[in-house]
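Colleague: I am new to this structure. Please walk me through it.

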Protein chains: 2
Amino acid sequence: MDGTLGELGETAVLARIFPRLPASSAQLVGPGDDAAVLAAPDGRFVVTTDTMIHGPDFRLAWSSFEDLGWKAAATNLSDVAAMGAVPTALVVALAVPATASVLDLERLADGFRLACEALAPACGVVGGDLSVSDTLTIAVTAFGDLEGRAPVLRSGARAGDVVALSGTLGAAAAGLRALFERATDPAGEPDAELATALRSSHPGLLDTQLRPVPPIADGRLAALAGATAMLDVSDGLGLDARRIASASRAAIDLDPSALGADPALALSGGEDHGLLATFPAGTELPGGFRAIGRVVAGDGVLVDGVPYDARGGWDPYDDWNGGRG
Amino acid sequence: MDGTLGELGETAVLARIFPRLPASSAQLVGPGDDAAVLAAPDGRFVVTTDTMIHGPDFRLAWSSFEDLGWKAAATNLSDVAAMGAVPTALVVALAVPATASVLDLERLADGFRLACEALAPACGVVGGDLSVSDTLTIAVTAFGDLEGRAPVLRSGARAGDVVALSGTLGAAAAGLRALFERATDPAGEPDAELATALRSSHPGLLDTQLRPVPPIADGRLAALAGATAMLDVSDGLGLDARRIASASRAAIDLDPSALGADPALALSGGEDHGLLATFPAGTELPGGFRAIGRVVAGDGVLVDGVPYDARGGWDPYDDWNGGRG
């Protein structure tokens, strides 16, 4: 049966979704009571929350429901990893139009499961909330285990440290640009057929934007290797490097030769969800980390010694035109 | 300065909101990094999430922003209390129209602070997310500490137990009914002036609906007194008592004389957020709990031995007419 949420009602829809959700190895009490109970073996837990909203954050002409579940999981897992923690569980507050199909919600659940299986196998969905809303909204709260280590904050970088990145730079922004340029109709509205064609003719071009694969396991590896500071690069390398510099009262000098073929895009493009970390000089960089600069005395972000002040990333407060599609 | 979110931007708005938010005594790392870190002293934590959405869950003509913050906090705290836990922290994912005023968001933060101060003084807001959306959406995730005790589930009621309630029955539904009957314009749309007049002429009539005061501390007291099952009465006593009965494979027989002047309203009215608990016979009932029935062999809910099968509570899937106001 593939009715709408309004036709089937909450209880029937949840019965369809629950079996598709990933299990958490930290779950002591799962869905079905007033609250879940999770293990926090070292007496602490990491928590972060991030929301995806139809319009500013995604277009249904471009993203499948499976993509949306995947991306909502992946972006939250990345914030947990950026503390040096191992993701343990997610709770998902979903607000969907009453006209949404239960098949769409099943695909959304599949996206959460596939992302957890690929990126954080011990992590699962332990609870949530299903509401009706005119605006499809996916609010995820994610938890992590520090395994007895100190959290890796943004404030620990010291002059002399190596600046290293794991993940892509500018790929998500390039994908978004391609969608706006090549998957919109003459009126500028997102077009599903054009997006599907673009996705099959250029495999990989849209993946980081629509279905990102952040290096979740590298968060723990960075902490074990002695990372002094770390964050999830969600708003563009320029802006996010400035956040570490500011919190650490130091400057970050980036090596332009490490920024790829399009350094401007690498610096300004948001949503890559790589991990940017600093390590004491001489550290053998773990996992997928590669050196892209160093921490120096001063403030702000430099590229080869020259201050970098351009605005970076996608800002829905300024950039969203109010459209959906 | 009282600009809109769109004019001020996220950073400036957060700087205005943060100082108004309540502090959590469990906070090890607070807002400003990729994630927060919270203490979980007994190696576990309770987590629940609940969302309030403009339209199905509230009308801006009836609720002030301070009311909304209060209610969003109170309803989530109640789910934590219903596990027998002490609330420790909240994270708040807020999605608001770009035209929202920063003054409105300050009032929302005030509501969270006032509710925590009044209901759970150790609890505070440790993180969140601020997004733009056409639909004002308040998604709260709440945490609690079991202090080494087993969680009080819905499944532990046994024949012979006393059924007890702390809190109101039907008061929230009576308030909602009064709003629809006496605070709407001739076209049936919510009217702010009529609501204000009704609130001042009939103090208390609307409070449980707009600014509920659930008996949060009684959750811990019930657990200490040996409660065998407990839940937050959010969907009406009839429906929520059935949930305990079903999970416990027993029946709940309610005493009509304990249901007040309007037993039908007491059974069907949702959103009271009282605590319904079962205790072994002979238990001295703690805090504000009063006996309202007993657990017997069988299944479902009875009133003085007669099966009660009416639908209870407000169901946005069936009851929301799509309006906002």
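Colleague: Which domains does the domain assignment of chain A give?

Modeller: This is a predicted model, in which local features need pLDDT of at least 70, side-chain atom pairs count only at pLDDT 80 or more, and totals for chains, interfaces and linings use all residues. Residues are numbered from 1 along each chain as its sequence is written, while chains are lettered from A and ligands numbered from 1 in the order in which they are written. Domain bounds come from an automatic or database domain assignment. For chain A the assignment gives domain 1 (5–145) and domain 2 (152–318).

Colleague: How many residues does each domain of chain A bring to the contact?

Modeller: The centres of domain 1 and domain 2 of chain A, taken over C-alpha atoms, are 25 Å apart. Contact means C-beta atoms, placed from the backbone, within 7 Å. Domain 2 of chain A gives 23 residues, and domain 1 of chain A gives 22 residues.

Colleague: Which element supplies the largest share of the side of domain 1 of chain A that touches domain 2 of chain A?

Modeller: Helices (H or I, at least four residues) and strands (E, at least two) are DSSP runs, numbered from the N terminus. On that side, α3 (65–81) and β4 (86–96) of chain A each supply at least two residues. The largest share, nine residues, comes from α3(A).

Key:
Contact = placed C-beta atoms within 7 Å.
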